[in-house]
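Hi,

Here is the structure I promised to pass on. Have a look at it first, and then read my notes below.

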Amino acid sequence: MLNGSPVDLPIRPDTTALDAIRNHLGLKGTKEGCAEGDCGACTVLLRRGDGPRMAANACIMTAAQLDGAELTTVEGLKTDNVLTPVQEAMASNGSSQCGFCTPGIVMALTGLLEKTSDPDEEIIHDTLAGNLCRCTGYRPIVEAAKTAAKADRPEQAAPVLPGCQPEIEFGGSVLHQPATLDEFADLRAQYPDAVILAGGTDLGVARADYHSDWDRIISTRHVRELRMIETGSDAWTFGAAVTWDEILQAVGADYPSLAVLIRRFGSTQIRAMGTVGGNIGTASPIGDGPPALIALGASITLASKARGARTLPLEDFFLDYRKTELADDEVIASVTLPRPKDGEAFRVYKLSKRYDQDISTVCGAFWVSMDDGKVAACRLAFGGMAAIPKRAKASENKLLGTSLDSGSAAEAGQALSEDFDPLSDWRGSAAYRSRSAASLLQRFARDLAGETVEVMAL
């Protein structure tokens, strides 16, 4: 459904949503800026089922992800040619200058106000982190959001959406949309070379450049088991297709440091689409999710049609650069994250050239369990320090039995050389990475001691 009306568009499932909107449907308000999901000029609203409309990046989304969903572009916001409160506020206070980024900002703020009727300034800035504006300096945009929040807004009733089709084929591209884990695992076994499409926030970047065609796609979005969240007394279990926005809502209060990380590595547009299974399955050595999950003791469950399910510690899933334990006929089914217990502490710190929505140079995640003022157990995990996200076990051994002060943190930092031999690249030299990782251990000790640490310095 597009802007309130059903649409049947005959295009390849691997066509980008932005291409479909602009070039096939002729709606030019949605812009292409970066084609990487960074600038937000392509922001649209997407609704699945009876949930809220969520801001998402059309440039890295594919037509395959629109089947059975409601898509709203900036052209679909006005009713009877009357501007919405967000549009009116931005038009009246100079929030739009060159105008290129304006439609995306309008869509992002509209999505915010449909979820939060009275957002504070921090939430507004978080919402705008995925939208780049090079004219206004954001102050009038933030003020426009506050003004729009005070205006009367009509309730948005969720429409009845058509069901998704199990299979779509056009132009040589085939999309499979299994409904159960068994169906998904069966398709995976039949077509081991198919593109497994979860949120698409990583795969979609290459697809936006049309470097390769996706002739066969298996979507995880409609697999019931992969969309489940089980909340137990000791742990959460997230299906592999659960989004980072949903994880943030579930664990943010219990793990505030993890919540900060999630907000930093994904804008609202990315968090609405990106999934935990996709983030792990990509197996990037600089992915931010795995180090934090490893430090927290997460486990992963893999499923196969022929061999059933198996569960292993997440740290054992990664074998080498972009190589994992996942067999050709297996899929990622779920991730289990333990709940915090008394005596435990967790922090995760990320070093990057830009604070929001940037790739890590180094990401350090630290979990300790204290007993009588001493470290009884610990897990220290890093991204960006090796070909895989991994634990620093020599450093862990240095911390065990200590009081975790600056002295023991310094010794643990020196032991990092036994765990890692980092590479140099344009993000940072090996020496910079080694010194930074050791400094993050110092920060952890000082943070737990109650010293004030300036987050923006990272």
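The buried residues of helix H1 pack against strand E1 (43-47) and strand E3 (70-72). Keep in mind while you look around that this is a predicted model. H1 itself covers residues 17-24, and its buried residues are Ala17, Leu18, Asp19, Ala20 and Ile21. Just after H1 you'll find Gly26, which takes a positive phi of about 75°.

At its start, a side-chain oxygen of Asp120 comes to within 3.2 Å of the backbone nitrogen of Glu122. Which residues of H4 are buried? They are Ile124, Asp126, Thr127 and Leu128. As for their neighbours, the buried residues of H4 pack against four helices: H3 (102-115), H5 (139-150), H9 (256-265) and H10 (268-273).

Then there's a sheet to trace. Strands pair through backbone hydrogen bonds, in either a parallel or an antiparallel way. Here four strands make an open sheet, ordered E4-E5-E7-E6, with mixed pairing. Strand E4 (167-170) and strand E6 (195-197) are at the edges with a single partner strand each, so one side of each has no neighbour in the sheet. From one strand to the next, the twist averages 20°.

Zoom in on E4 and strand E5 (residues 173-176): they run antiparallel and are joined by four bridges. Glu169 sits opposite Val174 in E5. Finally, helix H6 (residues 181-190) lies across E5, E6 and strand E7 (216-219), and runs at about 155° to E7.

Cheers

Key: Residues are numbered from 1 along each chain as its sequence is written. This is a predicted model: local features need pLDDT of at least 70, side-chain atom pairs count only at pLDDT 80 or more; totals for chains, interfaces and linings use all residues. Side-chain values use heavy atoms; hydrogens and water are left out. Buried means under 20% relative accessible area, exposed over 50%, partly exposed in between (1.4 Å probe, protein chains only). Helices (H or I, at least four residues) and strands (E, at least two) are DSSP runs, numbered from the N terminus. Contact means heavy atoms within 4.5 Å. A polar contact is a pair of N or O atoms within 3.5 Å; within protein, one must be able to donate a hydrogen and the other to accept it, and residues adjacent in sequence count only if both atoms are side-chain atoms. Two strands pair if DSSP finds at least two bridges between them. Axes are lines fitted to C-alpha atoms, for helices over the stretch in contact, and angles run from 0 to 180 degrees between N-to-C directions.
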